[in-house]
Every structure is written in C-alpha cells, then in structure tokens.
Amino acid sequence: MKKTFILIKKHIGGINELILTLYSSFVFSSYSFIVNKSFINVLRGVIVCVFLSFLFCPVFLRYLSKLDSDKLFKNENENYGKKLRALFYLIPLAVFLFHYIAFYPGGYMPDTIDQFAQTVDNHYNDWHPVLQTLIALKLPLLLTGGWAGAPALFQLLLFSAVIGYSTNRIMDYSNKKYAVIALTFILINPQINCASVILWKDYTFAAFALLLTAFTMNIVYTKGEWIKKPVNTVLFVLLLTVLTLTRHNAILFTLPVLIAVLFYVTKKRGALIVLCTVLLVAGIKYPLYSAMKVEAPDSRQIETLGMPMTIIGAVASEGPDSLDDEIREFAFKIIPEKNWKKNYELGTYNSIKYNDKSDNEVIEKYGAKKIIPYMFRCFLKSPLICVKAFVKLTDPIYTLTDDYNALDYPYVANNEFNIFPKGIEALQLPVFLHIELSNIVLPYLTVYIGAMHMLLLVFALMKCKLNKKRSITRLLFVLPVFAYNFGTSLFLSSYLDSSRFFLYTFMITPVLMTIINKKET
C-alpha cells in the first residue's frame with residue numbers, strides 16, 4: 001500500500017499536476033452525466049474519465065513545461081511605427097463597421113428596448129444596471145438628438161478602441177507577431193464581431209473587462225510604476241467602478257482583479273484605490289441613483305433562482321413521484337404536471353418560465369428561503385436527475401465535448417419607438433456563414449468557453465510555480481475569469497444564455513496569457 005502511494009505521488013509529481021488532473025476529471029466526467037441514463041453507466045464513465053485524467057494529465061503538463069513557449073512572447077524591444085499601431089485600431093473598426101452596415105441600426109434586443117424606453121421617459125429602473133443604460137444608450141442618444149443608430153455606432157467605436165489599445169500594449173510587452181495573433185484570434189470570432197453592434201449589458205461589460213485587463217497588464221509589466229501616475233490611478237479607479245456597476249454580479253470579476261493588483265502596488269496606493277473605488281460605487285448606487293429617482297426592481301427572485309428552478313423542474317418533469325407533497329404543490333402551482341413533462345427542457349428553466357401557462361408569481365411568493373431547500377431535498381430524492389440538470393445548465397462554462405450553438409446575431413425586437421432593421425441583407429449572408437463555419441471548424445477557438453478555461457489553466461500551471469509568491473500572484477489574474485464565469489453560471493436559468501454572459505473570456509484570453517508569461521526578475 002505504501003509503495004502504491006509513493007508511485008502515485010511520484011506519477012502526479014506536484015501541486016500543478018494535481019490541479020490539472022482534478023479539473024480535467026471534473027470537465028470530462030460531466031459528459032458522462034449527460035449521455036448516460038443509469039447510475040451504473042454514469043459511474044463507469046466517471047471512473048474512466050478520472051483514470052484517464054490521472055494517467056495523462058501529469059505527463060502532459062510536464063511535457064508542455066519543457067517546451068520553449070517564451071519565443072512566442074519574446075520582447076523584441078522594437079520601436080513600432082504609428083502606421084502599425086493605427087492598424088490595430090483600424091482593422092477592428094473596419095470589421096465592426098461592416099456588421100453595423102449589415103445590421104443597421106444594430107441589435108435592439110427585448111432587454112435593450114426596455115432600456116431604450118427608460119432613456120425616453122427618463123424613468124430608470126435598476127432591473128438592468130442603470131449606469132450601463134446611461135453609458136450605452138442615454139449618452140449616445142443625447143449627443144445625437146435621439147438617433148437610433150447612435151448606440152451601436154458608439155459601442156463599435158468602444159470595441160475598436162479597447163481592442164486596439166490592448167493589442168498595442170501586448171505588442172509593447174511581447175512582440176509584433178504575438179500581437180497580430182492576438183488580434184486575429186479576437187476577430188475570427190463571429191460572436192465578438194456581432195457583439196460590437198448588439199446593445200446588451202453583457203457586451204458593454206466585455207469591452208470594459210478587456211480594458212481593465214489591459215490596465216492590469218500595464219501594472220504587472222511595469223512592476224506597479226504605471227499606476228503610480230495620478231492620471232492612471234484615476235483611470236483605473238474609474239474603470240473599476242464603472243465595470244463593477246455594469247452588471248449586478250460584476251463584482252465576481254472586479255474584486256479578484258483588485259486583489260491581484262494589490263500585490264503589485266504599495267500599501268498606500270492600494271488603500272487609496274480600494275477607498276476611492278468603494279466611495280465611488282457607493283456614491284453612484286445611493287446618492288446619485290436616489291437623485292435620479294431610480295427604482296429598485298420590483299422583484300428579482302425569478303432571476304436569481306434559475307438554478308434551483310432548473311433542478312426542481314428536472315425532477316418535476318422526469319421523476320415527479322419522488323417529489324414530496326410540499327414540493328409537488330409548489331411545482332404544480334407554477335404549471336400543471338402534464339405541462340412539465342411536455343414543455344420542460346433539461347438544463348433550462350426558461351422552457352417553463354416563458355410558457356404562456358406558467359404562473360411565475362408563485363416563485364416570488366415562495367421566495368429563496370423555501371425554494372433553495374426544495375432544491376436540496378430534490379437532490380436527496382433524485383440525485384442522478386438533479387446532477388444531470390446541474391451539469392446541463394452549467395456545462396457550457398467548462399465543456400470540451402458538448403455540442404451547443406450559442407452564437408447570437410443582431411436583430412431588432414418589436415417596439416413602439418419606430419426602430420426598424422434597415423441593414424443590407426446581402427452583407428448579412430457572410431456573417432451567417434461565418435457563424436456556421438465557426439461552429440463547425442473553429443468551435444474550440446470561438447464557441448467553447450471551456451476551451452479558454454482549459455487553455456488558461458494549463459498555461460498558468462506551465463508558467464507558475466506555486467511555491468513562489470510572485471508566481472502565485474500572476475496565477476491570481478486567471479481567477480477573475482473562473483470566479484465570474486462559474487459564479488454567474490449558478491444564477492443562470494438556461495444553458496443557452498451562456499454566450500452573451502461569457503463572451504468577454506475570448507476577448508481577454510490573449511492579454512491574460514501575456515500577463516501569465518511575464519518573467520519575474
């Protein structure tokens with residue numbers, strides 16, 4: 001037994017290999033829950049996945065660690081001309097303008113129409129983050145006298161600016177070759193191209209998240225010197241504040257970023273950043289919103305209970321006999337039992353939420369204090385069904401095997417503001433073709449968020465020695481992605497929502513790899 005333990009320990013090698021083995025086991029085991037129906041088959045699949053991960057991951061990581069990946073990021077210390085730097089702005093601008101013309105006046109989704117209505121009557125509700133409404137819609141509309149095409153134009157300019165800035169900074173800290181690769185990686189993604197003109201809060205978040213990540217790259221590569229300049233401190237605090245308020249759960253991203261940055265600044269500067277950010281966030285959320293008479297949303301129970309309802313729904317649909325009387329009464333008050341069986345789709349409570357026969361007010365009446373315990377009681381009664389629902393709901397965040405189409409294109413929802421699609425249909429054809437090709441040819445580079453997670457984790461474990469403090473601090477810059485993506489997935493009510501929530505992951509991956517590759521001196 002002792003010899004076996006020694007051999008296992010020798011095979012795994014160290015903490016880096018163990019982390020990759022555990023994460024890989026989790027990722028591939030999830031697939032077993034989706035494709036198998038019996039407990040025995042699921043267990044067999046999990047055992048195979050864990051064994052193969054244990055067998056290959058340590059060897060794979062040790063092999064990769066020996067490769068000289070520094071050549072790709074090697075700083076050539078060249079003075080790059082203004083024309084080249086301008087191209088990093090102009091190329092994305094041209095691509096995004098193409099989409100703007102094709103889908104003019106941009107993507108006005110149902111949520112966007114609701115926000116547009118708020119800007120018209122100046123009566124704001126924080127159901128959708130008010131600051132994002134003001135930045136993405138109110139400001140461009142105000143500056144252009146209410147021109148419906150302005151918000152999408154302003155957003156594509158923002159996308160072009162932050163992508164251009166980020167790739168230029170990548171070029172400064174690495175080289176021209178990797179900067180070109182980074183820009184190409186971003187622009188081959190049809191979702192990013194479409195997102196540049198889709199007016200969703202998640203895409204405003206994506207643009208600002210990329211800029212904040214570029215700012216943190218400046219801090220890491222200058223060993224904190226960049227943020228010592230007062231103007232840069234102000235910019236960093238303002239951006240951190242804006243990003244935190246762009247989405248209600250954005251703190252899952254901004255807080256880990258702030259913690260990582262604090263390791264690269266003096267205690268005095270760090271305290272100043274934290275204090276100013278907290279005061280700004282509080283000042284906007286309370287005195288400013290109060291002065292604007294911003295209404296708090298009437299209820300958010302149904303928005304925050306997506307996962308419990310998805311899991312309860314799975315049991316109500318596939319194993320209603322296992323529900324106790326209290327949960328049965330709750331579930332069948334929302335919609336009759338026959339409709340659960342007929343309409344519920346595994347991994348998405350939205351299949352019931354948007355059904356004409358559903359009474360979602362039942363969820364508001366019961367509330368989280370009752371519904372969350374119901375979920376855990378369902379796990380005890382029907383563990384396999386519940387785990388399958390959990391995995392189906394969350395696996396777009398980590399899957400490397402599941403085939404799902406989560407790409408969006410711009411359209412204009414029905415509205416009362418005389419906003420109509422006026423794009424050029426002939427130009428839309430290559431966009432749709434690009435989306436289809438990316439699903440078939442490049443899913444791991446353009447669709448699978450889990451592929452980006454695996455890439456970042458493997459690269460970080462290759463580069464970071466977890467017994468060294470500075471190495472660990474660079475690893476901390478990967479955590480915001482995992483914290484935000486996995487944390488947000490716990491609130492989803494449909495796996496089909498994944499693309500718009502986590503699109504930013506593809507945008508910031510090249511920057512994060514540059515940060516991780518930074519050698520400590």
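**Ground rules**

I number residues from 1 along each chain as its sequence is written, and side-chain values use heavy atoms, with hydrogens and water left out. As the model is predicted, local features need pLDDT of at least 70 and side-chain atom pairs count only at pLDDT 80 or more, while totals for chains, interfaces and linings use all residues.

**Entry 1: cysteines**

I searched the whole structure for disulfides and found zero; a disulfide here is a pair of cysteine sulfur atoms within 2.5 Å.

**Entry 2: the largest pocket**

I then went looking for space. Rolling a probe the size of a water molecule over the atoms shows where empty space is left. On a 1 Å grid over the protein atoms alone, a cavity is a set of points where a 1.4 Å probe fits but cannot get out, a pocket is an open set with protein on both sides within 12 Å along at least five of seven lines, and lining residues have an atom within 4 Å of a point. Points are joined across faces, edges and corners, and a volume is the space filled by probe spheres set on them.

The largest pocket comes out at about 970 Å³. Its lining has 30 residues, and Asp111, Glu303, Asp497, Arg500 and Phe501 lie nearest the centre. Which helix gives the most to this lining? H29 does, with three residues. Helices H6 (110–121), H16 (301–304), H20 (350–353) and H29 (498–502) each supply at least two; helices are DSSP runs (H or I, at least four residues) numbered from the N terminus. I sorted the lining by class and got 11 nonpolar, 10 polar and nine charged residues (Ala, Val, Leu, Ile, Met, Phe, Trp, Tyr, Cys and Pro are nonpolar, Asp, Glu, Lys and Arg charged, the others, Gly among them, polar).

**Entry 3: helix H18**

In H18 (residues 325–334) I find Ile327, Phe330, Ala331, Phe332 and Ile334 buried. These buried residues pack against H17 (306–318), H19 (337–343), H20, H21 (361–366) and H22 (368–381). Asp324 caps the N-terminal end, with a side-chain oxygen 3.2 Å from the backbone nitrogen of Glu326.

**Entry 4: two buried polar side chains**

Ser24 sits in H2 (residues 15–35) and is buried at 4% relative accessibility. Its side chain makes a polar contact of 3.1 Å with that of Ser53 (N or O atoms within 3.5 Å; within protein, one must be able to donate a hydrogen and the other to accept it, and residues adjacent in sequence count only if both atoms are side-chain atoms).

Gln132, in H7 (residues 130–143), is buried at 3%. Leaving aside neighbours within four places in sequence, Gln132 has contacts that include Gln115, Trp200 and Thr246 (contact means heavy atoms within 4.5 Å).

Methods:
Buried < 20%, exposed > 50% of the residue type's maximum accessible area, 1.4 Å probe, protein only.
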